[in-house]
Amino acid sequence: MTDRALVVVRAGALTTVQDLGRPGHAHVGVPGSGALDRPASALANRLVGNGIEAAVLETTLNGCAVRARCAVTVAVTGAPCAVTVDGRPAAWGAPVTVTAGAVVEVGHAVRGVRSYVAFSGGVAVDPVLGSRSTDLLSGLGPAPLADAAVLPLGEAAGAPGRVDVAPAPGPADELVLHVLLGPRDDWFTKAALRMLAVGSYRVASASNRIGLRTDGPALERARHDELPSEGMVLGAVQVPPDGRPVVFLADHPTTGGYPVVGVVRGRDLAGAAQAAPGTPVRFVPVPVRR
Amino acid sequence: MRPLPVGEDALLVECASGEEAGALHAELLRRRSEGTLPGVTEIVPAARTVLLCGLAEPRRFATLLAQWDIPPMPPAMRETVEIPVRYDGPDLAEVAAMWGVTAGEVARIHSQARFRVAFCGFAPGFGYLTGLPERYAVPRMATPRTAVPAGSVGLAGAYTGIYPRSSPGGWQLIGTTDAVLWDPTREPAALLAPGTPVRFVADGAL
């Protein structure tokens, strides 16, 4: 009997199933969701021979462990960590062949926050609105992993990637976020816009898949009226009443009523996914021609 | 209409009013269905704006948009969704007091209004419905409830909304419906999408 499935041995602090998310439904209030560190999840998929749209596991800080009920190729990317198979050290950032019954242990992140674990064939939980992603804001998709949960796997399609070790830049000591100013930069004082550029910010511990919160100097508003709800994009730097910028990540709400001072460049968001609480954040405002 | 650049590939079009945003949204949907809209990943209307995401050339699109001749809000392109409601909400008396009418009249006024889903947000399938005259606007509750049951019909500002599932919330609750607002296994999952005309039908004798 071919039982293509995983059994969760140790769910970890927060491990979710993620793919490319469910874009196209924001108008009915559905967040885009999907893997926070897209390059890392795509790499993990390629290493095991999957298309980049296959669902992977996204861990948070302390990894997870699963028992494979079938022979499967596994790759771990994203936050660097120790990987073991039945207790024996195995490669991180490379395809690892696992026999049926073996336990794959993804260890604590040595740096960064989120490791991505891809399995040949992909995690094959039922999709919701075309995606297998867990959306922590609206509760769509599978629940976060729980001990003893069983996750079906799809049929392996392609041959595993032919690289032995994939070079991937580790998380940086400082998170640099280029911010394209607008649409509501004019809701802030000139001093606030300077503060965004020079202020010393750090990743706050309340950060999650919805947003990267920051600790640091408050941004002063030039306007104090209420902003009618408007559409929010991935990477939006929203400034709530406490003045501390929040960078919207994959599970962000689709509309919001606090002004967005700017939007983080798409290619900087993978870094935001890997910035642990306490990491210094440097915002680099980029003026936009109107 | 004022198009504001948002990040690398999005445009937030700011309109003078909710009606203008609704008209622009309808025009965007019309052009998308006839295949004359540049590729976009999302069209998200809100209170006074429409957000377009995934534009290859947002700046160019902003220029094109300035030349559009947008007809005023067209008569509803889809059928009116009728929502049966029991006007039995815990805030009904308070809303009646704010409106200066009886509870029965709240039900009558609310069920006679013609609503439109202006936009969605807060939760999948949660629509912000316009249609009540501005004089019936009510404030949100000072202290939001920690749990509002699914199907609760509430008021905030001049909007009406229905909770698709149990969640915390600060809207003034005037009634309850058994309508299923959100079912991801249904096509479409959301009963109320932006632009949908809505009527509330009072359930039972008043």
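Author: pLDDT is the confidence of the predictor in each residue, on a scale from 0 to 100. This is a predicted model, in which local features need pLDDT of at least 70 and side-chain atom pairs count only at pLDDT 80 or more, while totals for chains, interfaces and linings use all residues. Residues are numbered from 1 along each chain as its sequence is written, and chains are lettered from A and ligands numbered from 1 in the order in which they are written.

Reader: What is the mean pLDDT of chain B?
Author: In chain B, 98% of the residues reach a pLDDT of 70 or more. For the complex, the predictor gives an ipTM of 0.95 and a pTM of 0.95. The mean pLDDT of chain B is 95.

Reader: What radius of gyration does chain A have?
Author: The C-alpha trace of chain A spans about 65 × 40 × 30 Å along its principal axes. The radius of gyration is taken over C-alpha atoms, and the globule rule is 2.2 Å times the number of residues to the power 0.38. For 290 residues a compact globule would come near 19 Å, which agrees with the value for chain A, 20 Å.

Reader: What percentage of the residues of chain A count as buried?
Author: A residue is buried if 20 or more other C-beta atoms lie within 10 Å of its own, exposed if 12 or fewer, and partly exposed in between, with C-beta atoms placed from the backbone. Of the 290 residues of chain A, the share that counts as buried is 54%.

Reader: How many residues of strand S5 (residues 72–78) of chain A are buried?
Author: Helices (H or I, at least four residues) and strands (E, at least two) are DSSP runs numbered from the N terminus. From S5(A), A:Val72, A:Val74, A:Val76 and A:Gly78 point one way and A:Thr73, A:Ala75 and A:Thr77 the other, and all are buried. In a regular strand the side chains alternate between the two faces of the sheet. Strand S5 of chain A is therefore largely enclosed by the rest of the structure, its buried residues being 7 of the 7.

Reader: Which residue stands opposite A:Ala75 in S10(A)?
Author: Two strands pair if DSSP finds at least two bridges between them. S5(A) pairs in the antiparallel sense with strand S8 (residues 96–98) of chain A over 3 bridges, and there A:Thr73 has A:Thr97 as its bridge partner. S5(A) is also joined by 5 bridges to strand S10 (residues 115–119) of chain A, again antiparallel. In S10(A), the residue opposite A:Ala75 is A:Ala118.

Reader: Which element gives the most to the side of chain B that touches chain A?
Author: Two residues are in contact if their C-beta atoms, placed from the backbone, lie within 7 Å, and 31 residues of chain B are in contact with 28 residues of chain A. The elements of chain B that give two or more residues to this side are strand S1 (2–6), strand S2 (10–14), strand S3 (42–45), strand S4 (49–53) and S6. With 4 residues, the element that gives the most is S3(B).

Reader: Which elements of chain B do the buried residues of H1(B) pack against?
Author: Helix H1 (residues 18–33) of chain B has 16 residues and reaches 22 Å from its first C-alpha to its last, close to the 22 Å expected at 1.5 Å a residue, where the expected span is 1.5 Å times one less than the number of residues. Its buried residues are B:Gly18, B:Ala21, B:Gly22, B:Leu24, B:His25, B:Ala26 and B:Leu28. In chain B, they pack against S2, S3, S4, S6 and S7.

Reader: Which residue in the turn of the hairpin of S6(B) and S7(B) has a positive phi?
Author: Strand S6 (residues 115–120) of chain B and S7(B) run antiparallel and are joined by 4 bridges, with B:Arg116 opposite B:Thr130 in S7(B). The hairpin has 6 residues between its strands, and the one in the turn with a positive phi, about 70°, is B:Phe122.

Reader: Is B:Tyr128 buried or exposed?
Author: B:Tyr128 lies in strand S7 of chain B, and, leaving aside residues up to four places away in sequence, touches B:Ala118, B:Phe119, B:Gly121, B:Tyr159 and B:Gly161. Because B:Tyr128 has 26 C-beta neighbours inside 10 Å, B:Tyr128 counts as buried.

Reader: Is B:Arg78 buried or exposed?
Author: B:Arg78 sits in the loop between helix H2 (58–66) and strand S5 (81–85) of chain B. B:Gly195 is 117 residues from B:Arg78 in sequence and 8.3 Å from it in space, C-alpha to C-alpha. Because B:Arg78 has 9 other C-beta atoms within 10 Å, B:Arg78 is exposed.
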